[in-house]
Amino acid sequence: MKILVRPQKTPLTGTITVPGDKSISHRAVMLAAIANGRSHIRNWLPAGDTLATLAGIQSLGIQIEIDKKSPQAWDLQIEGKGLYGLQAPSSPLDCRNAGTFMRLMAGILAGQSFPSVLDGSGQLRKRPMRRIIDPLQQMGANITAQDGKAPLSIQPAELQGFEYQMTIASAQVKSAVLLAGLYARGMTCIVEAGPSRDHTERMLAAMNADIIWRDGVVELNGGRELWPLDLTVPGDISSAAFPMVAAAIVPHSQITIQNVGLNETRTGLLDMLRMMGASFTIENERTTGGEPAADLTVRFDELHAADISGEVVVRGIDEFPILTVAATQAAGETTVHDAAELRVKEVDRIGVLAAELRKMAVTMTEHPDGFTIVGPLRPYSAEVDSHDDHRLGMALAVAGLVTHGETMIHDAGCVSDSFPGFVETMQALGARMEWVE
Ligand code: S3P
């Protein structure tokens, strides 16, 4: 599938919602499976990545009733069987492209009394897993993997709590250790290297786990049974990011995105866009499923360049592909540092994006831990490729709105790994993009 984008001649306008948060949707299924009793999860995200988690959890003997409310939102009822109720899978769990499922599930499977294997797509097999294998092994887990890459083979082992000083700011690593901590004797204490998203901590607390976290230190005592979940997943700010930046750069646009999750460990993009001169209105602030959410209005602004580094980077780590598009429209030299993690995401999001933007005559100068873009400029019409990375596909599609001519994004079916209905949502705002075979 390809996405064809034409230069946007009219403002983007209207009110939309975006699908449920991917990080929360993954966690809700995994944690509900090991809770005691029936969990209810509304506005769950049925995307490529989270469907891998759903199928994986079903293959461990967990019953899930699905009510497909819409192609973008499912309601789930999950019959949790307690910490030790999972059944041995008959084949390796296929995580497809979902790094979150593989890394978090390794923590849960490390504490089971049966062996298991976690595997995934060619893309996932290239991503670093030593970052979870090392701390889990320090807890006593029996995990093997060739060259620190998937497939991961897990054998039963007794786990022991420990104090872990993290070396990278990563919610996936922190969460893998916390989930193993549920099965460990004694206390697991994590000292974070930076403020990564805290959805696992919030969800575990809502499920009555013995957990506290403050000032970058998380403490969890294992062994306590988990209560089932009753939650409505807020909209994913990492999906909202695409229409948000589109509205900020297409002249005279104004859009509202309802019910966006605004957990402050995830709002780095808002801060970065504010540094570039964008402004937002935040209304109807509320809490859903223990997470802050609100309606967000974004309007077109003349953007200017910013120097981006430090803690804001982790809080917006998934938003750099679309931030580069904002940078092409900002006056001056936008520089990003402290973002080396971008090189080990679905693809190397610095190197690959620089190569694709070059096809649109945009110069993105690479640094080992970031990039520089000088704007404002008008990208050229080109044929570009997502490299099977959902966020690169969507970022290139938004870039297409401000080019001189037509842009074709090849290999674009992957956008539904996180945002089913992306093109249709953009069309609802008047965007000139469409699917083509
Ligand atoms: C995620 C954490 C982040 C993020 C990823 C989802 C999560 O990865 O990039 O898309 O759900 O915990 P890292 O933990 O590797 O930074």
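**Ligand site**

I started with Ala171: one of its polar backbone atoms sits 3.0 Å from an oxygen atom of the ligand. I count a polar contact as a pair of N or O atoms within 3.5 Å; within protein, one must be able to donate a hydrogen and the other to accept it, and residues adjacent in sequence count only if both atoms are side-chain atoms. This is a predicted model, where local features need pLDDT of at least 70 and side-chain atom pairs count only at pLDDT 80 or more, while totals for chains, interfaces and linings use all residues. Residues are numbered from 1 along each chain as its sequence is written, and side-chain values use heavy atoms, with hydrogens and water left out.

Next I looked up side chains at the ligand. Arg27 has a side-chain N or O atom 2.6 Å from a ligand oxygen atom. For Asp318, a polar side-chain atom is 2.6 Å from an oxygen atom of the ligand. Which residues surround the ligand? I noted Ser23, Arg27, Thr100, Ser170, Ala171, Gln172, Arg197, Ile317, Asp318, Lys345 and Arg391; a residue is listed if one of its heavy atoms lies within 4 Å.

**His26**

I found His26 in helix α1, residues 22-33. Helices (H or I, at least four residues) and strands (E, at least two) are DSSP runs, numbered from the N terminus. Is His26 buried or exposed? His26 is buried, because its relative accessibility is 0%. Buried means under 20% relative accessible area, exposed over 50%, and partly exposed in between, with a 1.4 Å probe and protein chains only. Leaving out residues up to four places away in sequence, His26 touches Asp49, Thr50, Thr53, Ala98, Thr100 and Phe101; contact means heavy atoms within 4.5 Å. Thr100 also turned up in my list around the ligand.

**Cysteines**

How many disulfides are there? I get 0 disulfides, with a disulfide taken as a pair of cysteine sulfur atoms within 2.5 Å. Cys95 is in none; the nearest cysteine sulfur, in Cys414, is 18 Å away. From the Cys414 side, the closest cysteine sulfur is that of Cys95, and 18 Å is too far for a bond. Cys95 counts as buried because its relative accessibility is 0%. Cys414 is buried too, at 5%.

**Sheet β6-β7-β9-β8**

I traced an open sheet of 4 strands, in the order β6-β7-β9-β8, with mixed pairing. Its edge strands, β6 (93-94) and β8 (142-144), each pair on one side only. Two strands pair if DSSP finds at least two bridges between them. β7 (residues 116-119) and β9 (residues 152-155) are antiparallel, with 3 bridges. Leu118 stands opposite Leu152 in β9. Helix α3 (residues 99-109) lies across β6, β7 and β9, at about 170° to β7. For that angle, axes are lines fitted to C-alpha atoms, for helices over the stretch in contact, and angles run from 0 to 180 degrees between N-to-C directions.

Strand β15 (residues 254-261) is mostly covered, with 6 of its 8 residues buried. β2 (residues 13-17) runs parallel to β15 and is joined to it by 5 bridges; here Ile16 stands opposite Ile257. β17 (residues 291-299) pairs with β15 in the antiparallel sense over 6 bridges, and Val260 has Ala294 as its bridge partner.

Last, I checked α11 (residues 320-328): 9 of its 9 residues are buried, so the helix is largely enclosed by the rest of the structure. Among them are Phe320, Ile322, Leu323 and Val325.
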